[in-house]
Amino acid sequence: MITDPKSCFQVERHLDGKFKHYAHGNGRVDVIPAFLSHWTNWNQEIEFSVIAICPTVLNQTIQELMQREIELTPQFAIADPVIHQLALALKTEIQTGCLSGRLYGESLGTALAARLVQNYAISKPPPSLERKANGLSQSQLERVIDYIKANLTQDLSILDLATLTNMSASHFSRSFKQSVGISPYQYLMQQRVERAKQLLEQQSIAISMIALDCGFANQTHLTKVFRKMTGITPKAYQKR
């Protein structure tokens with residue numbers, strides 16, 4: 001649970017037979033493991049975001065990052081700017097209609113799960129025992145890249161790509177970045193922009209159609225990503 005950064009309120013919490021009163025809000029975070037028996041009261045109307053993580057995603061992350069079984073520990077009113085930024089990115093993506101697609105949303109979810117496992121779990125092994133991504137083999141990388149290029153207009157997911165390498169989603173994401181230098185989502189956007197450049201050179205094609213042909217939600221989405229990567233708009237690029 002992530003509180004609104006502009007809020008400030010008093011909380012009464014009941015956990016393990018004990019009551020505790022404290023100040024909350026200002027973007028602080030609660031980490032609540034599944035099946036935790038507790039309740040919380042607050043003294044005014046507030047806004048907050050709740051993110052529920054699928055146990056499968058969390059367990060995959062634990063298996064990939066740790067050498068032994070661990071479990072999350074309850075945390076209340078903690079300041080974690082990483083979780084706050086990931087939650088804000090997810091919220092913005094949802095509010096704008098999930099224009100960036102499943103791959104982007106799943107990447108944020110995987111990053112959030114990794115943050116929880118690495119920072120808010122008991123029996124955490126020392127850093128020397130953590131598994132490091134070694135990158136994809138040449139054949140795996142070629143298979144994934146060919147698939148992405150052949151399916152630029154599709155709403156690809158990390159699971160779609162991970163299946164091609166017989167890896168879990170989180171392991172694949174780290175291995176892909178180790179090999180390519182950027183995340184699967186960033187690579188997908190890069191390839192869509194390259195395809196858009198090719199089509200923009202054919203000035204007879206409307207930019208709105210190019211956006212759809214390259215897998216963007218609409219012309220506005222294309223313009224936003226294109227400008228971010230190239231420094232100019234698709235229209236300006238087409239007129240060069």
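Modeller: The following account concerns the packing of helix H1 against helix H3. Please bear in mind that the model is predicted.

Two packed helices are described by the angle between their axes and the distance between the axes. Helix H1 spans residues 55–65 and helix H3 spans residues 102–119. Their axes come within 9 Å and cross at roughly 55°. An angle of 65 to 115 degrees would count as roughly perpendicular, and one under 35 degrees as roughly parallel; H1 and H3 are therefore oblique to each other. The crossing of the two helices is, moreover, right-handed.

Which residues make the contact between H1 and H3? From H1 come Val57, Leu58, Thr61, Ile62 and Leu65, while H3 contributes Ala113, Ala114, Val117 and Gln118.

Is Ala162 buried or exposed? Its relative accessible area is 0%, and since buried means under 20%, Ala162 is buried. Leaving aside neighbours within four places in sequence, Ala162 is in contact with Met167, Ser168, Ala169 and Phe172. Val144 lies 18 residues from Ala162 in sequence, and the C-alpha atoms of the two are 8.4 Å apart in space.

Notes: Residues are numbered from 1 along each chain as its sequence is written. This is a predicted model: local features need pLDDT of at least 70, side-chain atom pairs count only at pLDDT 80 or more; totals for chains, interfaces and linings use all residues. Side-chain values use heavy atoms; hydrogens and water are left out. Axes are lines fitted to C-alpha atoms, for helices over the stretch in contact, and angles run from 0 to 180 degrees between N-to-C directions. Helices (H or I, at least four residues) and strands (E, at least two) are DSSP runs, numbered from the N terminus. Angles under 35 degrees count as roughly parallel, over 145 as roughly antiparallel, 65 to 115 as roughly perpendicular and the rest as oblique. A crossing is left-handed if the near helix is turned anticlockwise from the far one by less than a right angle, and right-handed if clockwise. Contact means heavy atoms within 4.5 Å. Buried means under 20% relative accessible area, exposed over 50%, partly exposed in between (1.4 Å probe, protein chains only).
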